[in-house]
Amino acid sequence: MSLRFALVGNQNCGKTTLFNSLTGSNQHVGNFPGVTVQMKEGVLSKNKDITCIDLPGIYSLSPYSNEEIVTRDLLLYDKPDVIINVVDVTSIERSLYLTLQCIELHIPMIVALNMMDELTASGGTVDVKALEDALTVPVVAISAVKGEGVHELMTRAMEVARTRQLPSRYDFCTGAVHVAVHAVAHLVEAKAEEKKLPLRFIATKLVEGDNIEGLELSPNEKDIINHFTEEMEHALDTDKEAALADMRYSYIDGLYKKAVHKPIHTDAQLRSLEIDNILTHKYFALPIFVAIMTTIFWLTFDVIGNNLSACFEKFLNLLTVSIANTLTALKVSEGLQSLIVDGICNGITSVLCFLPTILILFLFLSILEDSGYMARVAFVLDKALRKVGLSGASFIPMLIGFGCSVPAIMATRTLASEQDRKLTIVLTPFMSCSAKLPVYGIFIAALFPNNGGLIMTSIYLLGISVAILSGILLRHTVFHGKPVPFLMELPAYRIPTARNVALNIWSKAKDFLYRAFTIIFLASMLIWFLQNFNTHFFMVENAEESILAMIGKYLTPLFAPLGFGNWQASTALVTGLSAKEIIISTLSVLTNSTQGIPNLTTLFPTTASAYSFLVFCLLYPPCFAALTTIKKELNSWSAMLAILTYQLVVAWAVAFVIFKIVG
């Protein structure tokens, strides 16, 4: 029997850690239908008949954000077999608010008290049996990080699914709230039963003022509900949202006093406060952040990653030579040999050799993210971003932009302000995505061998600086208005688990390899064809007579003021619009590289011209996929073309200034 378990919980409750522990590598990331909010779905490693869904972290089932909407709708209309409500036991008062709402859904459910090891280490205790009796659902204490209690959790979850064990209590209302909810429940009982919707949840949501899709209330029924709600508000002298919240927290407070004993702060929280005194310091926070990122780039490009990539490059070159020798021994035609060796092998090798460096970089970034430090960076940058006209919330999409612009642009859906969302979409592509790393890596190895870390740091800081200046300019010209307030939770600092970090790195590796053997594979073949044929489709001996050269020569005058006035560089920038890694593949093919690494010294005779090229690569539009996403998010071709034009103009202008200064 196939089962579906839904993981529901607050942000930073350890839900995704539990998901990774249960599914391992048997997972994939996608979007909920119709929206860009991401979900993870995976098959349990120890039971292939169970699918687990990692829903977005939320604090309630009220439809105030896209995350809350998609979570509520999946639970309400799609009805998983079991809800696994992951509760951060170190913040149990806040976490149980969502628990009470989930209980009202009339779905088999189990509560996982996560981070129990942190609570007990600080001298805290929880009476699990008392919680079970009060909530009327199974409760299991676990530590997702250490794997403690996870087996018992899944055993009891499967038993709940098998017996269809439902909560025996749904009503946590008292006083005037009880009267209003029961009156509304009686009014809509028949319709809720007809639509197979949970009556208690529906009644509570109607009192709160939420719309329930498919319930189809008449104007008279809506007036009656408003009447019941107004009577409740008058009796309690408060608004309906506050009344329902007070009711739930009153129940939670009584339950907490009965079943939970914990210090004001756990050891992890106290440790986090001490660390935050330094890392979020008014004056030291930003310099520390820059120092950390500089160190990471130095280790990645000058120490660890560079050496690993060099070794991997030698292996790939030996493989390419072996393929070439095999083709020669088989007496394969010279044209086909050229396609396979010069086009495909060299094109893919030029990108693939940089895989170790990319993985090392994502290793460090995953550690920073899982440790809780990146949330602090968003907090620290909030003040600086407000001067640009954004809030700290915009840092999250921009941070994702360092990995890939496509999910970063999609992540702007979480921003409360439409103006903030549009401006963040414009600025996010200036964050250097991981697809540009092969370009930086090859150029640094060939032309800046002694200053790799410095060059990388300057590139990233330049992208951030251009985004800031663009934000100031656009906020005072196109996007008017003040940014909305920024609220976020700072999780306790934790040591990242090797499993989570490894899964994150493997996810990035899969994406990189997929691009290498699909987009870059096809692009390398196309580039080889355009380089070896003229407009009459005859093979040419001199690449200067090819279709590719003709295209590049039309663009050469445009880039000549930037220091790279040759058709090869111009052509590489054009092909790079499909995927930035293809810039290196293109240059490798056009310079007739025999080892997959382009001969850059002939194309960029000075460090100023090379650095100018890197700056243009940093700032010009990321790829067609990102542009398509921009069009989809803004629902406007004209807006997408305006952003494309703006990014091209900015890239040219900044590269021109840099070339003149450095040169």
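## Surroundings of T428

Leaving aside residues up to four places away in sequence, T428 touches P397, M398, G401 and A408. The structure is a predicted model. T428 is placed in the loop that runs between helix 18 (418-427) and helix 19 (437-447). With a relative accessible area of 0%, T428 is buried, because buried means under 20%.

## L587 in helix 25

Helix 25 covers residues 582-590 and contains L587. The relative accessibility of L587 is 0%, so this residue counts as buried. Q568 stands 19 residues from L587 along the chain, and the C-alpha atoms of the two are separated by 6.7 Å.

## Cysteines

Zero disulfides are found in a search of the whole structure. As for individual cysteines, C52 has 0% relative accessibility and therefore counts as buried. C311, at 53% relative accessibility, counts as exposed, because the cut-off for exposed is over 50%.

## Confidence of the model

The mean pLDDT of the protein is 82, and 88% of its residues reach 70 or more. Among the elements of the protein, the highest mean pLDDT, 96, belongs to strand 6 (residues 109-114). The lowest, 53, belongs to strand 2 (residues 27-31).

Over residues 30-36, pLDDT stays under 50. For this stretch the model has 21 contacts beyond four places in sequence.

Technical notes. Residues are numbered from 1 along each chain as its sequence is written. This is a predicted model: local features need pLDDT of at least 70, side-chain atom pairs count only at pLDDT 80 or more; totals for chains, interfaces and linings use all residues. Side-chain values use heavy atoms; hydrogens and water are left out. Helices (H or I, at least four residues) and strands (E, at least two) are DSSP runs, numbered from the N terminus. Buried means under 20% relative accessible area, exposed over 50%, partly exposed in between (1.4 Å probe, protein chains only). Contact means heavy atoms within 4.5 Å. A disulfide is a pair of cysteine sulfur atoms within 2.5 Å. pLDDT is the predictor's confidence in each residue, from 0 to 100.
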